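Visitor: Could you take me through a close look at a single part of this protein, setting it against the whole before you go into the detail?

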Amino acid sequence: MADALLSQRLGAWLVPDAAERPAVLRRYARFVVAQGLAHGQVDTTDDHAAVAIWYSRPATPPASAVWMYDLHRLLGAHATRIGLLHAYVDAVHPHTAHHYLAHLAVAADRRQAAVGSALLAGYHRSLDVVGLPAYAEVSTDRPRDGLLARLGYVPRSPILLEPGGPVLWRMWRPPARAGRPGDATGDELPARVRAERTAIPFRGALLLTASPRSP
């Protein structure tokens with residue numbers, strides 16, 4: 001997971017200091033895996049070439065004040081930018097029932113697409129059985145060409161990380177109709193919301209406001 005972050009523009013935005021970036025992102029990767037084990041589900045291949053961290057929503061997520069304290073204790077000043085990332089993501093998270101693919105990392109080699117698809121296949125089948133959608137964010141300039149798009153995720157309105165950060169595309173996978181794999185239902189990501197581009201300090205945290213937009 002740390003290697004995946006290091007290879008993306010997102011990793012450079014999270015930790016602008018190139019010298020400190022590998023160590024900080026590795027500590028952050030350990031943190032999110034620990035959070036997944038404690039509060040969600042962590043799937044991985046036998047050789048650890050891929051890992052996916054899932055959370056069930058509307059299951060109540062852990063209070064942000066709890067994990068932000070732990071994050072600051074672990075990462076010090078670097079936790080501020082990572083906290084800003086989570087504030088942006090939380091401000092536009094869909095409220096309808098779904099499962100959240102919070103993190104996906106696949107080792108970069110020629111088997112990348114096959115390994116990632118195999119890792120997610122079982123979870124997607126279980127969601128289709130109960131008729132629940134999946135949601136994720138990806139840091140890419142071509143959201144319709146990536147692994148998640150090939151697995152039925154459709155890009156919706158993006159999140160622009162500021163200051164000077166990359167775009168995160170919100171990806172929504174409707175459940176397939178029973179007996180017809182790959183045939184999506186009409187369920188859609190709820191109406192878009194736009195996070196204001198100014199983060200307001202609030203009692204030592206970051207407060208983002210959101211406003212509804214048309215679908």
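Guide: The accessible surface of the protein comes to about 11,600 Å², and carbon and sulfur atoms hold 55% of that surface, where accessible areas come from the Shrake-Rupley method with a 1.4 Å probe and, for residues, only the protein chains shown count as cover. This is a predicted model, in which local features need pLDDT of at least 70 and side-chain atom pairs count only at pLDDT 80 or more, while totals for chains, interfaces and linings use all residues. Residues are numbered from 1 along each chain as its sequence is written, and side-chain values use heavy atoms, with hydrogens and water left out.

Of the 215 residues in the protein, 41% are buried, buried meaning under 20% relative accessible area, exposed over 50%, and partly exposed in between (1.4 Å probe, protein chains only). The secondary structure comprises seven helices and 12 strands, which are DSSP runs numbered from the N terminus (helices H or I, at least four residues; strands E, at least two).

With a relative accessible area of 38%, Ser126 is partly exposed. The side chain of Ser126 reaches the backbone oxygen of Tyr123 at 2.6 Å, a polar contact being a pair of N or O atoms within 3.5 Å; within protein, one must be able to donate a hydrogen and the other to accept it, and residues adjacent in sequence count only if both atoms are side-chain atoms.
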